[in-house]
Amino acid sequence: MADDARWMAQALSLARRGQGRVWPSVSVGCVIVKNGRLIAQGWTQPGGRPHAEAHALEQAGEAARGATAYVTLEPCAHHGSRGGPCCAALVAAGIARVVCAVEDPDPRTSGRGFTALRDAGIEVAVGLGAEEACAQQAGFRLRQEVGRPLFTLKMAISLDGRIATANGSSKWITGPGARAAGHMLRAEHDGIIVGGQTAAMDDPALDCRLPGLADRSPVRIVADSRMAVPLTAQLVRTARKHPTWWLVSETSDSARISALEQAGVEVIKVPPTEGGSLDLGAAAQLLGERGLTSVLAEGGGRLAAGLLSSDLVDRLVVFRAPLLVGGDGIPAVASLGLQDLGEAPRFVLSDRRAVDDDLMEVFTVRR
């Protein structure tokens with residue numbers, strides 16, 4: 001059991017390498033071990049193929065015969081456009097034992113992969129590392145269950161919950177360490193979303209600027225119900241170089257939509273609410289239909305309030321700087337219209353650490 005735990009921990013570590021790069025698939029890790037020695041290892045490759053098992057088996061070759069495979073998700077049982085079932089590949093390779101963290105929620109595989117392995121005489125053990133595997137796969141699992149990606153709301157705030165001064169000055173509330181951690185969050189998510197007002201005021205690039213991780217930049221998404229972002233914004237100017245999606249109302253100006261599309265932006269029409277804002281619940285479903293499993297929300301206060309009010313925030317990451325801005329500063333979350341504290345969204349603290357002079361806190365929503 002100690003050896004099993006060791007190798008599964010390595011498989012889980014490998015699975016983290018593909019996060020943000022494999023949608024609409026899920027990042028999986030696979031370790032192949034024989035006689036207590038590592039034979040091969042693999043993880044889901046960019047774009048979702050090859051799968052972790054195929055990646056590892058290609059390295060292992062004939063040495064895989066009689067070995068044990070440690071996998072963080074049930075080997076797939078369905079044929080894809082770029083490869084056959086991983087359960088069949090494990091059988092063909094002569095794997096003797098499979099230790100797997102969790103069952104695949106995808107109905108094309110769910111349970112069928114394990115059945116195929118057992119029918120071929122392979123010993124199958126399920127459950128080791130399940131908690132961490134489910135946490136890694138949370139976005140994929142949520143999309144399978146309810147059709148939308150997992151949303152992480154990230155905020156860089158002062159001690160009194162402000163994201164900028166009254167005149168909009170926000171560079172930089174947090175220090176370089178916190179900003180680097182924020183860019184790593186970008187690298188780990190499929191998409192990143194900001195509100196139209198934030199995109200217009202800050203003119204962000206929304207890319208990952210960590211050394212060596214430029215290719216890990218997520219799909220850039222702007223929720224722009226008012227069509228407030230100028231066509232000269234760098235998100236528009238660079239849309240042909242990096243995938244950029246624009247969420248607009250179904251009633252938005254057709255000429256403006258055409259101009260965005262001509263610039264290389266993919267425009268997604270979203271039903272409006274009675275108040276004229278975007279129906280974020282419907283928008284989340286549309287993002288899920290396009291394959292996204294995780295989205296990082298970075299700003300601003302109106303978007304944060306909208307996501308919270310729509311019960312779309314699954315995780316909250318707060319970078320808290322040791323400074324005070326005052327009551328005239330811009331709040332991290334716009335009005336939620338609450339009448340009672342019992343209506344307030346509540347979260348459970350899952351991690352807290354110092355990042356230089358700042359404090360990073362990670363919460364999961366309490367539902």
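Analyst: S6 (150-157) and S12 (294-299) run parallel and pair over four bridges. Strands count as paired if DSSP finds at least two bridges between them. Strands (E, at least two residues) and helices (H or I, at least four) are DSSP runs, numbered from the N terminus. Within this pairing, leucine 150 has serine 294 of S12 as its bridge partner. S6 is also joined to S13, again in parallel, by seven bridges. There, methionine 155 stands opposite valine 318. S6 is mostly covered, with seven of its eight residues buried. Buried means under 20% relative accessible area, exposed over 50%, and partly exposed in between (1.4 Å probe, protein chains only).

This is a predicted model, in which local features need pLDDT of at least 70 and side-chain atom pairs count only at pLDDT 80 or more, while totals for chains, interfaces and linings use all residues. Residues are numbered from 1 along each chain as its sequence is written, and side-chain values use heavy atoms, without hydrogens or water.

Now the whole sheet. It is open, has nine strands and shows mixed pairing, in the order S11-S10-S9-S8-S12-S6-S13-S16-S15. S11 (266-270) and S15 (347-355) are the edge strands; each has a single partner strand, so one side of each lacks a neighbour in the sheet. On average, neighbouring strands are turned by 20° against each other, direction ignored. Axes here are lines fitted to C-alpha atoms, for helices over the stretch in contact, and angles run from 0 to 180 degrees between N-to-C directions. Arginine 353 has methionine 360 in S16 as its bridge partner.

H11 (residues 280-289) lies across S6, S9, S10, S11 and S12, and runs at about 140° to S11. Contact means heavy atoms within 4.5 Å.

Glycine 147 follows H6, with a positive phi near 90°.

One exposed site remains. Methionine 201 sits in H8 (residues 196-202). Methionine 201 has a relative accessible area of 53% and is exposed. Methionine 201 and valine 229 lie 28 residues apart in sequence, with their C-alpha atoms 8.4 Å apart.
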